[in-house]
Amino acid sequence: MLFKTMAAAVALTATMTVSALAGTVKLIDVIELSGPGAPAGTNWKNGSDLAVAEINAKGGILGQQIELIHYDSQTNPGATRAAVQRAVDEDAYVVLGPIFSGPISASMQITQRAAVPQIVGGEAAAFTRQGNNYIFRTSLNQADSMPKLANYLRDEVKAKSVAVVWINNDFGKGGRDSMIPELQKRGIQVAADIATESGQADFAADAIKVKNANADAVFVYLNEEESARFLRAARQQGITKPIIGETTLLGAKVIELAGEAANGVKGHVGLLVDAPKPSLVEFGKKYAAKYGFTSDHNGIKGYTAVYTVKAISERIGKFDREAFAKALHGARIDVAQEPGILIDTKWTATGDVDRESFLIEIVNGKPVVKATLPMINP
Amino acid sequence: MDQFLQLIVAGLATGAIYALAAIGFTLVWQTSQTINFAQGEFVMLPAILVLTAAHLGLPMGLAFIVGSAAFVLLFGFGFKRFLVEPMQRHGVLPLAIATMALSVLIKEAAKNGFSAEAQPFPSLVPEGSVSVLGAAVSVRDIAIFVVAIAAILGLQAFITHTRTGRTMQATAQNPTVARILGVPVERMILLTFLINAALALIASYLISPVYLAKFSNGETIGLAAFIAAIVGGFNQIRGALAGGFLIGLIDNLAAAYVSSAYRTAVPLVVLVVVILVKPEGLLGRKEERTV
């Protein structure tokens, strides 16, 4: 019996000290490379590849080279679960991704059970409220973003009524459920509450409904491709009221896809390469030089996810998943300590992040920062 | 009232695209008695080919010409010569299954060979809105409707008022008798496939600026057009036309007055009702076969 217990302990230790003996540390990236999340996932993948190349060129983490493997989640909860299980079975030190909140919610129990840290790109409020000590964000929780946006609608747009257009998945429903109470608290009437579908191609009917709601502003909370299609439909139907949104409405891919229809769109973004932060601007240049297009916020998230692994592993001085998860809760990584983190970031006890964010407007196809909003708890 | 009118116009524009694709189902059915399950991908692909040609460095105008020519050659002539002809002699079912395989092949090739992401596609029709009966209506919707109708009327005029068109009709109605009467049946069938490719081309260029060019676009369009063809009448062009507009209208009205979540379910309900009440479709012709 004692022998069996000792053998199990040795096996556990071997697992937890990961593949350091092999000279590499394995990160497995489960990410949206096809399906509706492909634009987001491609940016994330590129960002993480860029970070790994940089870190490996400088000697890796604690002397170990990073081995980064990408698995396509297909933006599908079932495929994501299978890929995350495979990542755990293949002894990943940390699992990176996915970005879409539904696949995150469907798969994060696998890493939790295996005690493998998972750094994701999702914004839905729910998944960091379930007592999972191994899930960490790279972007702001939507529940933290919505009060900032509601203030913006009241104070800057002076909206008395708002039409809310949201995507009927975990991300969109979470955003809608966070936003509507914030609007109501500020005395702003919800003139229309319009659900749309993931992968929806035709937004003409939704745009017509929004137009006829005659609200003072339109709040759009869709994924990137759907955002672009909605903006085109809104332009086609002659919607002239301010269109306000979050990061997924204002990303580089949306601007590319929507073309002129993106001009004038305003909103709140957590991360962008045009932010008044030298490290973000520098990252944007490196990314564009390597991949030939501008990174959106997901490229930044993929990049910083890898640098988060580096910073925390160096802080704890070993590759130990449990120690990693403990150290990341409540951690703060500043650009001064780790330039690859790009913007000073804090993690809360639940795995949410807190950092500065930005109010921007799309002008002539470019995001222009109008204001920088402080951390919630500096 | 304004909203209803705007939805009707948007529905007719969507329906025009469905009608173009649905007529393709009808044409292939009439000439080869099979269902082309790759019809949706036929509408998706021309835009991807044009963008591929543009990415290879061709000016956009030339990219349109090269992409269009490549598509008509591959999926007009090539589809008939290398898939329909060899499979047809094995019966309708193997051919239908072959078109399913073709559908998957086209989709995956577009995804892996071009991009998994949506891409912007240049609009050939103007944007903006005009006032119709006091309601602001999208110029692009009107343009899509007009272009699609012009293409369909042109096809109808060609079939009914030209010798070649009437020969095509004769081939569709009874290829054996047509052959005995000296009609070049194979050439007429090829012409039908080329027309199908041309209609898919037009639908692709009209809808891709709205849907964005993406490998998965054929799923939505193919399903809607298939339903439209059955609802209208699979063996009649006018049936496919009517079915396309009906499904387009139902699609948009359902999205506005029922829910976006159920917009794809409502046409399916209509399909079930039509099959129960009038199995040959609203404007279809009853077909009898000897067993």
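Student: Where is A:Ala115 found?
Tutor: A:Ala115 is found in the loop between α4 and β4 (118-120) of chain A. Helices (H or I, at least four residues) and strands (E, at least two) are DSSP runs, numbered from the N terminus. This is a predicted model, in which local features need pLDDT of at least 70 and side-chain atom pairs count only at pLDDT 80 or more, while totals for chains, interfaces and linings use all residues. Residues are numbered from 1 along each chain as its sequence is written, and chains are lettered from A and ligands numbered from 1 in the order in which they are written.

Student: What phi does A:Ala115 have?
Tutor: A:Ala115 has a positive phi of about 55°, although it is not a glycine. Most residues other than glycine have a negative phi.

Student: And is A:Ala115 buried, partly exposed or exposed?
Tutor: A:Ala115 is partly exposed, with 15 other C-beta atoms within 10 Å. A residue is buried if 20 or more other C-beta atoms lie within 10 Å of its own, exposed if 12 or fewer, and partly exposed in between, with C-beta atoms placed from the backbone.

Student: OK, what about A:Asn214, which phi does it have?
Tutor: A:Asn214 has a positive phi of about 55° and is not a glycine. A:Asn214 sits in the loop between α7 and β8 (217-221) of chain A, and it is exposed, with 11 other C-beta atoms within 10 Å.

Student: Which residues does the cis peptide bond join?
Tutor: The cis bond joins A:Gly97 and A:Pro98, with omega about -5°. A:Pro98 lies in the loop between β3 (94-96) and α4 (101-114) of chain A.

Student: Switching to strands. How many residues of β6 are buried?
Tutor: Six of the seven residues of strand β6 (161-167) of chain A are buried.

Student: How does β6(A) pair with β7(A)?
Tutor: β6(A) and β7(A) pair in the parallel sense over seven bridges; strands pair if DSSP finds at least two bridges between them. The chain crosses between β6(A) and β7(A) through helix α6 (170-185), and this β-α-β crossover is right-handed. Right-handed means that, with the strands pointing away from the viewer, the path from the first strand over the helix to the second runs clockwise.

Student: How many bridges join β6(A) to β8(A)?
Tutor: Five bridges join β6(A) to β8(A), and the two run parallel. A:Trp166 stands opposite A:Tyr221 in β8(A).

Student: What is the sense of β14 and β15?
Tutor: β14 (357-363) and β15 (366-373) of chain A run antiparallel, joined by seven bridges. In their hairpin, which has two residues between the strands, A:Asn364 takes a positive phi near 50°.

Student: Which domains does the assignment give for chain A?
Tutor: Domain 1 is 2-140 + 277-355 and domain 2 is 142-269, with bounds from an automatic or database domain assignment. Their C-alpha centres lie 30 Å apart. 18 residues of domain 1 are in contact with 19 residues of domain 2. Contact means that the C-beta atoms of two residues, placed from the backbone, lie within 7 Å.

Student: Which element gives the largest share of the side of domain 1 that touches domain 2?
Tutor: That is α4(A), with three residues.

Student: And chain B, how many residues are in contact?
Tutor: 29 residues of chain A are in contact with 27 residues of chain B. Elements of chain A that each supply at least two residues to that side include α2 (38-57), β7 (189-196) and α7 (204-213).
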